Amino acid sequence: MWWVYAIGSAAFAALTSILAKIGIENVNSNLATAIRTIVVLVLAWGMVFLTGSLSGIKEISGKSWLFLIFSGLATGLSWLCYYHAIQIGDVSKVVPIDKLSVVLTIVLAFIIFHETVSWKSVLGCILISAGTLLMVMK
């Protein structure tokens with residue numbers, strides 16, 4: 001069932017890029033990111049309350065808090081960079097470069113979690129990298 005959510009993630013990410021490019025016109029990219037973040041915050045907490053998940057907050061370990069905070073910081077920095085990039089560049093060029101995160105994630109998962117990397121994953125990373133290069137070349 002995870003793949004249904006993964007496809008949803010990809011579809012919504014695509015919409016995010018297009019809607020953001022339209023919405024960011026004549027708006028400071030940092031302000032646009034802050035507005036987007038408020039919407040995400042309201043949506044996320046709405047889901048917590050809707051699903052009755054708030055009681056689980058007491059069970060979160062210190063380590064989990066620390067890494068969730070770091071993850072949030074990384075997300076925020078990613079969004080700030082992304083919004084500025086799509087404001088000053090072509091969204092059709094920014095998005096492929098942004099998606100190099102797939103390659104970086106696989107490399108980091110191998111290094112940090114010692115996840116198995118098959119020849120198919122290596123080939124996929126090479127193709128993603130080559131495809132990105134082709135899409136952004138003039």
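This is a predicted model: local features need pLDDT of at least 70, side-chain atom pairs count only at pLDDT 80 or more; totals for chains, interfaces and linings use all residues.

Helix α4 covers residues 91-98 and helix α6 covers residues 119-136, and I read an angle of about 165° between them, with the axes 9 Å apart. Angles over 145 degrees count as roughly antiparallel, so I noted α4 and α6 as roughly antiparallel to each other. I then looked up the handedness: α4 passes α6 in a left-handed crossing.

Which residues of α4 meet α6? I found Lys 93, Pro 96 and Ile 97 on the α4 side, meeting Thr 132, Met 135 and Val 136 of α6. I sorted the residues of this contact into four nonpolar, one polar and one charged.

Next I turned to α5, which spans residues 101-113. I read an angle of about 150° between α5 and α6, with their axes 9 Å apart. By the cut-off of over 145 degrees, α5 and α6 are therefore roughly antiparallel to each other. Their crossing is left-handed.

In this contact I listed Val 102, Val 103 and Ile 106 from α5, and Cys 125, Ile 128 and Ser 129 from α6. The residues here divide into five nonpolar, one polar and no charged.

Cys 125 made me check the cysteines. How many disulfides does a search of the whole structure find? I got zero. I also looked up accessibility: is Cys 125 buried or exposed? Cys 125 counts as buried, at 12% relative accessibility, whereas Cys 81 is exposed, with a relative accessible area of 55%.

Definitions and conventions. Residues are numbered from 1 along each chain as its sequence is written. Side-chain values use heavy atoms; hydrogens and water are left out. Axes are lines fitted to C-alpha atoms, for helices over the stretch in contact, and angles run from 0 to 180 degrees between N-to-C directions. Helices (H or I, at least four residues) and strands (E, at least two) are DSSP runs, numbered from the N terminus. Angles under 35 degrees count as roughly parallel, over 145 as roughly antiparallel, 65 to 115 as roughly perpendicular and the rest as oblique. A crossing is left-handed if the near helix is turned anticlockwise from the far one by less than a right angle, and right-handed if clockwise. Contact means heavy atoms within 4.5 Å. Ala, Val, Leu, Ile, Met, Phe, Trp, Tyr, Cys and Pro count as nonpolar, Asp, Glu, Lys and Arg as charged, and the others, Gly among them, as polar. A disulfide is a pair of cysteine sulfur atoms within 2.5 Å. Buried means under 20% relative accessible area, exposed over 50%, partly exposed in between (1.4 Å probe, protein chains only).
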